[in-house]
Amino acid sequence: MFQSRVSVAILMVIATVLSRILPHPPNFTPVLAVSLFSGAYLADRRLALVVPIAAMFVSDFFIGFHDLMPVVYGFMILSVLLGKQIGTSVSKSFGYTVVGSVVFFLVTNLAVWATSGMYSLDLAGLAECFVLAIPFFQNSILGDIVYSGILFGSMAFLNRTVFQTAKQSV
């Protein structure tokens, strides 16, 4: 069983890295979905934390390191911990995904506004930062929902079919 979990973890890292370095719409990646899924399904907490962080680090190595890495990586760690609360609930996974997308948007754009020097450090600059980020948020939330649906939906299907059949034949 441990070998299969490690294999799944490695496949998730590879798929996430590829999804970030291959051409894709901006911010349409499975990073949040993989973080939540790792927390929900990887029993070993260390392995669950390593999966999204490794995926982010390897892909950032190719894409380029950036000033918001501590904020983004910290959010991925928080997402893994939140994923522990999801368990096997597909409806909870949807809710956590939507909330996670919104919180990620708020936190990262607040950090961009506060640290990038691109915006005036007043209410007008904050509003401009958030308004200009909306197109990225649209892609982000859509990607998060699609990838979470694939991961959690596939696991729910497997639990009801393949894994259930395997239990019955033992």
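## Terms and model

A crossing of two helices is right-handed if the near helix is turned clockwise from the far one by less than a right angle, and left-handed if anticlockwise. Helices are DSSP runs of H or I with at least four residues, numbered from the N terminus.

The model is predicted, and local features need pLDDT of at least 70, side-chain atom pairs count only at pLDDT 80 or more, and totals for chains, interfaces and linings use all residues. Residues are numbered from 1 along each chain as its sequence is written, and side-chain values use heavy atoms, with hydrogens and water left out.

## Helix 4 and helix 5

Helix 4 (residues 69–86) crosses helix 5 (residues 90–115) at roughly 160 degrees, and their axes come within 11 Å. Axes are lines fitted to C-alpha atoms over the stretch in contact, with angles from 0 to 180 degrees between N-to-C directions. The pair is therefore roughly antiparallel (an angle over 145 degrees). The crossing is right-handed.

Residues of helix 4 in the contact (heavy atoms within 4.5 Å) include Phe75 and Met76, and those of helix 5 include Tyr96 and Phe104. By class, this contact has 11 nonpolar, 4 polar and 1 charged residues. Ala, Val, Leu, Ile, Met, Phe, Trp, Tyr, Cys and Pro count as nonpolar, Asp, Glu, Lys and Arg as charged, and the others, Gly among them, as polar.

## Ser35 in helix 2

Ser35 lies in helix 2 (residues 31–41). Its relative accessible area is 0%, so Ser35 is buried (under 20%, with a 1.4 Å probe and protein chains only). Leaving aside residues up to four places away in sequence, Ser35 touches Pro52, Met76, Ser79 and Val80.

How values were computed. Helices (H or I, at least four residues) and strands (E, at least two) are DSSP runs, numbered from the N terminus. Buried means under 20% relative accessible area, exposed over 50%, partly exposed in between (1.4 Å probe, protein chains only). Angles under 35 degrees count as roughly parallel, over 145 as roughly antiparallel, 65 to 115 as roughly perpendicular and the rest as oblique.
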